[in-house]
Amino acid sequence: MQKNRSTTPCLGICSTTYGDDVCKGCKRFVHEIISWPKYSQDERALVNDRLEKFKILILQERFKIHDVDLLAIKLKENAINYNNSMDPLTWIFDLLRAAGSQNLDLEQFGITSLKIYDPMTIRDEVNKEFLDLSEAHHQRYFKKV
């Protein structure tokens, strides 16, 4: 599926229906999820830009892509949904999410690990750090009084 900057980042596992201010799936704020259908292309792109920056911040210290074309091919071969309009580093998040607890040979995807990590926990670590960043951002700008 071809995606662009305004494509929804929804993963179909929304936690805002259970009262979370930040979705544990896509990391958007509850008001962004509610208003998404009314957002302009530019407003949607702004939300995706923030999420992209957070992913890059988290992933750039852990991984390096040495073959972007190979990564794109492998993601397509494995039917892994990713937004090709975003920085390829963000695709690693999609790969980890899709892999679940499977042990991945990242080199086969054109990715080099910059740190030693536990393949069984890296997805959860990255996801938690992404959620922490999103929640901190929400607190900073939408603090409840």
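Mentor: Leu96, Ala99, Gly100, Gln102, Asn103, Leu104, Tyr117, Pro119, Ile122 and Arg123 line the largest cavity. Before we go on: this is a predicted model, where local features need pLDDT of at least 70 and side-chain atom pairs count only at pLDDT 80 or more, while totals for chains, interfaces and linings use all residues. Residues are numbered from 1 along each chain as its sequence is written, and side-chain values use heavy atoms, with hydrogens and water left out.

Trainee: What makes a space a cavity, and what makes it a pocket?

Mentor: Both are found on a 1 Å grid over the protein atoms alone: a cavity is a set of points where a 1.4 Å probe fits but cannot get out, whereas a pocket is an open set with protein on both sides within 12 Å along at least five of seven lines. A residue counts as lining if it has an atom within 4 Å of a point. Grid points are joined across faces, edges and corners, and the volume is the space filled by probe spheres set on the points. The structure holds 2 cavities of 30 Å³ or more, and the largest has about 70 Å³ of space. Helix 4 and helix 5 are the elements that give two or more residues to its lining.

Trainee: And which residues are closest to the centre of the largest pocket?

Mentor: That pocket has a volume of about 260 Å³. Of its 22 lining residues, Lys3, Pro9, Leu11, Lys55 and Asp94 are the closest to the centre. Helix 4 gives the largest share of the lining, 5 residues.

Trainee: What covers the buried residues of helix 2?

Mentor: The cover includes helix 1 (30-35), strand 1 (63-65), helix 4 (88-99) and helix 5 (122-142). Among the residues it buries are Arg44, Val47, Leu51, Phe54 and Ile58.

Trainee: Why is Trp36 called buried?

Mentor: Buried means under 20% relative accessible area, exposed over 50%, and partly exposed in between (1.4 Å probe, protein chains only). Trp36 has 7%, so it counts as buried. Tyr39, at 18%, is therefore buried too.

Trainee: Why is the pair of Trp36 and Tyr39 called tilted?

Mentor: Rings of Phe, Tyr and Trp (its six-membered ring) pair if their centres lie within 6.5 Å; planes under 30 degrees apart count as stacked, over 60 as edge-to-face and the rest as tilted. By this rule there are 5 aromatic pairs. In the pair of Trp36 and Tyr39, the centres are 6.0 Å apart and the planes are at 50°, so the pair is tilted. Phe63 and Tyr117, on the other hand, are edge-to-face, at 5.6 Å centre to centre with 75° between the planes. That pair links distant parts of the chain, 54 residues apart: Phe63 is in strand 1, and Tyr117 is in the loop between strand 2 (111-113) and helix 5.

Trainee: What makes Arg28 a charge over a ring?

Mentor: The test asks for NZ of Lys or CZ of Arg within 6 Å of the ring centre and within 35 degrees of the ring normal. The charged end of Arg28 sits over the ring of Trp36, 4.8 Å from its centre. Arg50 likewise lies over the face of Phe29, at 4.1 Å from the ring centre.

Trainee: Which residues does Arg62 touch?

Mentor: Contact means heavy atoms within 4.5 Å. Leaving aside neighbours within four places in sequence, Arg62 is in contact with Thr112, Ser113, Leu114, Lys115, Ile122, Val126 and Glu129. Arg62 has 16% relative accessibility, so it counts as buried.

Conventions:
Helices (H or I, at least four residues) and strands (E, at least two) are DSSP runs, numbered from the N terminus.
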